[in-house]
Amino acid sequence: MLGTRVDTAVETAVEVADLRFAYPDGVQALRGVNLTVRRGEKVALLGPNGAGKSTLLLHLNGILRGKGQVRIAGVPLRPDNLAQVRAQVGLVFENPDDQLFSPTVLEDVAYGPLYMGLPHEEVLERARRALAQVGMAGFDERPPHHLSLGQKKRVAIATVLAMEPAILALDEPTAGLDPGARRELIHLLRRLPQTMIVSTHDIPLVRDLLPRTVVMDAGIIVADGETPAILADAALLAAHGLDVF
């Protein structure tokens with residue numbers, strides 16, 4: 001029913017059961033994925049290109065809808081509660097230009113709370129607080145397309161933080177960043193308290209930030225465990241196109 005609330009006290013943040021999805025061209029991207037993430041966990045999604053990582057993330061807030069079930073804090077994701085559940089899952093795309101479209105940084109970050117129907121003063125308060133969280137206070141009136149890639153990525157994260165989600169789903173957050181911007185972004189992610197699911201090829205990021213690692217290949221989960229154990233399994237990683245350095 002409309003108005004469904006997500007209970008953030010539920011210990012399980014994300015439950016995916018037998019999730020299957022095929023793109024219109026017939027590519028079977030997910031082939032029965034089962035995954036449970038507890039509240040507060042920081043989880044890496046590793047795997048080669050085409051493994052299904054991004055497709056899985058896009059199911060967590062209903063951008064894609066496959067066969068199977070997705071639950072957020074115990075609430076099944078359905079068309080009639082999509083907006084309420086989606087507000088709890090902040091999805092950050094690999095390319096921030098896919099997320100930033102307004103004339104100014106503040107307008108971009110305020111868009112989500114404004115869409116939620118919040119009062120104007122609360123919208124501005126949330127937007128400015130989110131920008132401060134990501135180290136972008138004072139950039140309110142800057143056009144997003146004038147920012148560096150690292151700054152754009154931080155603003156993209158602010159757009160979802162302004163909605164105060166319980167869960168962050170990040171797709172390749174460090175891709176394309178120079179070493180300095182990468183370090184800044186990792187420090188930012190380390191400070192955030194949300195449950196976090198991160199699709200990445202950045203093995204040092206996984207090692208430093210994400211205690212649990214899930215390996216995907218060909219639309220299924222092939223391994224799931226503590227990050228040090230997964231990264232120490234050279235045969236597993238080599239079999240699925242991953243290099244540890």
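**Entry 1: a helix over the sheet**

I began with helix α5, which lies across β6 and β7 (167-171) and runs at about 165° to β6. I noted at once that this is a predicted model.

**Entry 2: the sheet**

Next I traced the strands. I found an open sheet of six, in the order β6-β7-β8-β3-β9-β10, with mixed pairing. β6 (89-92) and β10 (220-226) are the edge strands, and each pairs on one side only.

Strands of a sheet pair through backbone hydrogen bonds, parallel or antiparallel.

Then I checked two pairs. β6 and β7 pair in the parallel sense over four bridges. In β7, I found I167 as the bridge partner of V89. β3 (residues 42-46) and β9 (residues 212-217) also pair in the parallel sense, over four bridges. There, L46 has V215 of β9 as its bridge partner.

**Entry 3: strand β6 and L91**

Which residues of β6 are buried on each side? I found V89 and L91 on one side, and G90 and V92 on the other. Both faces of the strand are covered.

Why does L91 count as buried? Its relative accessibility is 7%, and the cut-off for buried is under 20%. Leaving out neighbours within four places in sequence, I listed its contacts as L57, L58, N61, I63, Q99, V160 and A169. I also took a distance: the C-alpha atoms of L91 and L60 are separated by 8.4 Å, and the two residues are 31 apart along the chain.

**Entry 4: helix α3**

I moved to α3 (residues 105-115). Its axis and that of α5 (residues 149-161) come within 7 Å and cross at roughly 30°. V105, D108 and V109 of α3 make the contact with V155, A158 and T159 of α5. I sorted these residues into four nonpolar, one polar and one charged.

Which residues of α3 are buried? My list reads V105, L106, D108, V109, A110, G112 and P113. The buried residues of α3 pack against α4 (120-133) and α5. I recalled that an α-helix has 3.6 residues a turn, so residues three or four places apart point the same way. After α3 comes G117, and I read a positive phi there, near 85°.

**Entry 5: R128**

I then looked at R128, in helix α4. Is R128 buried or partly exposed? Its relative accessible area is 44%, so R128 is partly exposed; that class lies between 20% and 50%. Apart from neighbours within four places in sequence, R128 is in contact with L106 and D140. Its C-alpha atom is 9.1 Å from that of A158, which is 30 residues away along the chain.

**Entry 6: E172**

My last stop was E172, in the loop between β7 and α6 (179-191). Where is the nearest side chain of opposite charge? I found K53, 5.0 Å away. E172 is buried yet has no salt bridge. The cut-off for a salt bridge is within 4 Å. Not counting residues up to four places away in sequence, E172 touches E94, K153, S199, T200 and H201.

How values were computed: Residues numbered from 1 in each chain as written. Predicted model: local features only at pLDDT ≥ 70, side-chain atom pairs only at ≥ 80, totals over all residues. Heavy atoms only, no water. Axes fitted to C-alpha atoms, helices over the stretch in contact; angles between N-to-C directions. Helix = DSSP H or I, 4+ residues; strand = E, 2+ residues; numbered from the N terminus. Contact = heavy atoms within 4.5 Å. Nonpolar A, V, L, I, M, F, W, Y, C, P; charged D, E, K, R; others polar. Pairing = 2+ DSSP bridges. Buried < 20%, exposed > 50% of the residue type's maximum accessible area, 1.4 Å probe, protein only. Lys, Arg positive; Asp, Glu negative; His and termini not counted.
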